[in-house]
Amino acid sequence: MRASGTARSENSRISSRESHISGAEGLYELPEIEKIMKEYVLRAMNHSRGMPEKVVITLEEVKEKPLGASVLPFSTVRCDSPDTAADVIKELLSDAGISQRAIRTGMKVVTARYAMSGAALVLSRSAYRAEPDGERGIRVSRLGITRDAEKSLSRRLARKRINTTTVREAIILASKVASCRGTMAELCVSDDPDYTTGYVASRKLGYVRIPHIKRKGSVRGGRVFFIDENADVERIIGYLERSPVIVGM
Ligand code: WAQ
Ligand code: MG
C-alpha cells in the first residue's frame, strides 16, 4: 500500500511533487487478504502525516516458495536526545564497518526535508548512492513472519512493553534486509511526526533501538541500507523488492 499527497514547493505554486504519507507491505495467505486490505485502507486514511490524496494498493500472487531468515535479536540503548543519538548511530555504524563518509551520507538521508517512500542504498566506503530512483528509493516487500516466530516475538516484546505493529513490522523488515548477502547495516528514522524511536541494525549488532533519535513533531525521517562497496546492486534490489522471505526462529 502506498498513500501520498502533494507537497508544494516554497517558491512556486506551479511545481508540486508527490509526497509520501504512508506505506505497508506483506505476504499473506488467501483467507487473510480481505482483512489486510481493510487494515491497509484504514492505515492509509488515518495517518499522522495527513490525509492522502491517493492510495494505491497492489495485490500480487507470489508463486515462488518463500525463503527463510531468522528474526534479529533486539535491544534498546540509553539515549535521551537527538544529539546523543547521532553519536550512538556513528558508533554503531562504524562498528559495522561503515566509513565516516557513508555515515554522513546516511545521516543526510534520514534528516532530509522530503522523506523518500523507500530506502537509500549507500555504498559502505565511497558513500555512493546506488538506488536507481533517488526520490522513491528501494522498497522492501514480500516479507512476513511465521506464526510461531510471531508469537515468540510478541511475547518477548510485550515483556518490554513495546509489542506494537510498528516495532514488529520494523524487526521483520530489518531481519529480511540483514538476511540479504551484501548488506552491512541499516539505519532507520520514522517519518511519522510522533514516533521518535529509530534503530540501527546489522547481522552482528542485531536490531538496536535508539529512543529520541529525532525531535517530536518532525516529519523528517528515512531509511538507509549500507551495502558492500563491491556488492551486486541489481541482485540486492531484486532480493529486497521481489524475493519472498518469511522470517522464523
Ligand atoms: N522499504 C524500504 N524503505 C521503507 C519501507 C520499506 N518497506 N517502509 C518505510 N521505508 C522508509 C521510508 O523512507 C520511510 O520514510 C522511512 O523508512 C520510515 O518509515 O523499535 O515506522 O514506516 O520502536 O515511518 C521503527 C521502530 C519504526 C523503532 C520505523 O518507519 C522501534 C517506522 P516508517
Ligand atoms: Mg512513516
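Why does aspartate 191 count as buried? Aspartate 191 counts as buried because its relative accessibility is 12%. Buried means under 20% relative accessible area, exposed over 50% and partly exposed in between (1.4 Å probe, protein chains only).

This is a predicted model, in which local features need pLDDT of at least 70, side-chain atom pairs count only at pLDDT 80 or more, and totals for chains, interfaces and linings use all residues. Residues are numbered from 1 along each chain as its sequence is written, chains are lettered from A and ligands numbered from 1 in the order in which they are written, and side-chain values use heavy atoms, leaving out hydrogens and water.

**View 1. Asp191 and Asp192 coordinate the magnesium ion (ligand 2).** Their OD atoms lie at 2.1 to 2.2 Å. Donors are N, O and S atoms within 2.8 Å of the metal (3.2 Å for Na, K and Ca); water is not among the atoms, so sites may look incomplete. Both aspartates are buried.

**View 2. Arginine 49 and aspartate 191 meet in a salt bridge.** The N to O distance is 3.8 Å. A salt bridge is a side-chain nitrogen of Lys or Arg within 4 Å of a carboxyl oxygen of Asp or Glu. Helices (H or I, at least four residues) and strands (E, at least two) are DSSP runs, numbered from the N terminus.

**View 3. Arginine 142 forms a salt bridge with glutamate 60.** Their closest N and O atoms are 3.2 Å apart. Arginine 142 is buried, at 9% relative accessible area. Glutamate 60 is partly exposed, at 45%.

**View 4. Arginine 168 pairs with glutamate 150 in a salt bridge.** Here the closest N and O atoms are 3.4 Å apart. Arginine 168 sits in helix H5, glutamate 150 in helix H4. Arginine 168 is buried, at 17%, whereas glutamate 150 is partly exposed, at 31%.

**View 5. The largest nonpolar core has 38 residues.** Such a core is a set of buried Ala, Val, Leu, Ile, Met, Phe, Trp, Tyr and Cys residues joined through side-chain atoms within 4.5 Å. Ile171, Tyr199, Tyr207, Phe225 and Leu240 have the most contacts inside it. H5 supplies the largest share, eight residues. A second, separate core holds 27 residues, including Leu93 and Met116.
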